[in-house]
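Let's take a short tour of one protein model. Have a look at the structure below, then read on.

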Amino acid sequence: MESIIFTLTYGDEWIPKEYYPVPGVKVVPEWYKKMETSHTKDKTDNRSVRESQTIKRCMPILDSITTGYVIKTHTDIYVKCTDGVISFEWANDTSDTITFHPAYQVVNYKNLELPHGAPKLRNPWGIKTPKGYSCLFINPLHRPACGIKILEGIVDTDGYTNSVQFPFLVDEGFIGTIPAGTPIAQVIPFKRQSFRIKFGDIVERKENDNVAKMLRSTWINGYRNRWRQNKDYL
């Protein structure tokens, strides 16, 4: 098993371990935990389960939630707006938790008007991956909106091991507090490989038809039992 190393680049003395990065499986969202796998009362009747199943039975949803690691906010962040200008305050005032990219750096980004530039969350964590591995930084998947969204990106963390900063956008109309410990970024390490696009022919069509037949041969758990592979992030 490969290792991914998170190292504090500052804040050793005032960032509680409660807010350290964790595997995604450790912070499964509450909505997912509370959801039933199906709405039928008889969970032993696979046909009824299939006809009333929820997305909690969808393995791709679960895998996307639990893949990789989650970086959390390490302080309460208050978002306010005065005369149309967004600004921020944070409970732990020992560092520049949020700074700004100049407006010219984000001109035409997603066709948004950002006259005051893009705010940037100072992430205290440097990340080191094995040689040949990079990290994809995205907004945590399938989680309730927290008020801000980072600009996603890929960093070659086998060489660049300093902290990766998070430019972000504030959700339209959001004013309020983002509590410390809020998942703010999902970090997915991956091995760099070269790919070339090709298009399938009769061989792939037959393979796809066979997979479809196997999937239809059982009421439930066809994908999970036949094709899904375990993905370990410890």
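By class, which residues make up the lining of the largest cavity?

## Ground rules

This is a predicted model, where local features need pLDDT of at least 70, side-chain atom pairs count only at pLDDT 80 or more, and totals for chains, interfaces and linings use all residues. Residues are numbered from 1 along each chain as its sequence is written, and side-chain values use heavy atoms, leaving out hydrogens and water.

## The cavity

The lining of the largest cavity has six nonpolar, five polar and two charged residues. (Ala, Val, Leu, Ile, Met, Phe, Trp, Tyr, Cys and Pro count as nonpolar, Asp, Glu, Lys and Arg as charged, and the others, Gly among them, as polar.)

A cavity is a set of points on a 1 Å grid over the protein atoms alone where a 1.4 Å probe fits but cannot get out, and lining residues have an atom within 4 Å of a point. Grid points are joined across faces, edges and corners, and a volume is the space filled by probe spheres set on the points. The largest cavity holds about 60 Å³ of space. Of its 13 lining residues, Lys72, Thr73, His74, Leu121 and Arg122 are the closest to the centre.

## The cysteines

A disulfide is a pair of cysteine sulfur atoms within 2.5 Å, and the count here is zero. For Cys146, the closest cysteine sulfur is in Cys81, 17 Å away, so that is too far for a bond.

Cys146 is buried (under 20% relative accessible area; exposed is over 50%, partly exposed in between, with a 1.4 Å probe and protein chains only), at 19%. Cys58 is partly exposed, at 29%.

Conventions:
On a 1 Å grid over the protein atoms alone, a cavity is a set of points where a 1.4 Å probe fits but cannot get out, and a pocket is an open set with protein on both sides within 12 Å along at least five of seven lines; lining residues have an atom within 4 Å of a point.
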